[in-house]
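This briefing concerns a protein structure and the packing of some of its helices. Please consult the sequence and structure shown below.

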Amino acid sequence: MTSPEAEHEQGGGVSGEAQATPEDGAPRPEERLERAVRAAEQALIEYEIAVETFRVEVENFSRLHHQKLGPMYARLDELDAQIAEARAARTGDPEDLRKADEARARVMPMPGVEELFHGWMDGQGLFPEAVAMLTDQPVRPPQRVRPSDEARKLYRELVRKAHPDLAQDDTERARREEFITRVNAAYARGDAMLLRELAEEWAKGPAPEERGPSRSEELYARLEWLAERKELLSLVAKELEESAIGSMLRLAPDDPDRLLEEIAEKLLADVSQREAELAELLG
């Protein structure tokens, strides 16, 4: 992902070059500014694509993380509360009683065995995937939404062509914003077929108008707006990268499924340890 600072440098030298005058044979300042604006627009579009792509990855990984590991975390919280309560009942110590109350306050309703292994067992017992996980065999990951290579390619092409920042007036911007909203929704679902249909729809629509000559003040204002937009996107990217799920993705960007399996294995070991500790306290 290109940093906003590096992209700002791309337009940083434009104002100095724009001091050339028609007498020395250089293009008019407005022409140089127009080229700078177009370059900044394309840089911003590429940056938005990168941020949106990462946002979808974080969202999908978060959904899978909650689906697969949420019940295990809840089970651990419940066991911690039961252990604290058993210890308090044995000692009668006020501090132990306080810790037991705090532990119980953090607990959601305790999941049953079926909920703990939701998607891994039914009335007939454990599914093959659960048996494989518990016996250190390869596990088939839960179904997830992950855009295909074709969907990624179509998404990038559509955003580059139809991005609202390329609009020349409010009407055109509104049309592009509505279209890009549908493109983002299709990409989040990984719907390559719908993205192909949207590509055909855009191809049939009106072609973007060429930017006409504009005053230097307007072009400078445009560059300032683009810089502010990049800064806002950089804050969004930073929040995504520093979030719990974003940090986990950075640990295993090429194989997030394996990371989930490792966490699940550790949580199952923690559950077993807590159950043994509780059984010992209960005698």
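**Helix packing in a predicted model**

His-65 counts as buried because its relative accessibility is 14%, where buried means under 20% relative accessible area and exposed over 50%, with a 1.4 Å probe and protein chains only. The model is predicted, so local features need pLDDT of at least 70 and side-chain atom pairs count only at pLDDT 80 or more, while totals for chains, interfaces and linings use all residues. Residues are numbered from 1 along each chain as its sequence is written, and side-chain values use heavy atoms, leaving out hydrogens and water.

- His-65 lies in helix α3; helices are DSSP runs (H or I, at least four residues), numbered from the N terminus.
- Apart from neighbours within four places in sequence, His-65 is in contact (heavy atoms within 4.5 Å) with Gly-70, Tyr-73, Ile-245, Met-248 and Leu-260.

**Burial of α8**
- The buried residues of α8 are Glu-172, Arg-176, Phe-179, Ile-180, Val-183, Ala-186 and Tyr-187.
- Viewed down the axis of α8, these buried residues fall within an arc of 115°, so they line one face of the helix; the arc is that of the directions from the helix axis to the C-beta atoms.
- Exposed residues Asp-170, Thr-171 and Thr-181 sit on the face of α8 turned away from its buried side.
- The cover over the buried residues of α8 includes α3 (29-91), α7 and α9 (192-204).

Notes. Helices (H or I, at least four residues) and strands (E, at least two) are DSSP runs, numbered from the N terminus.
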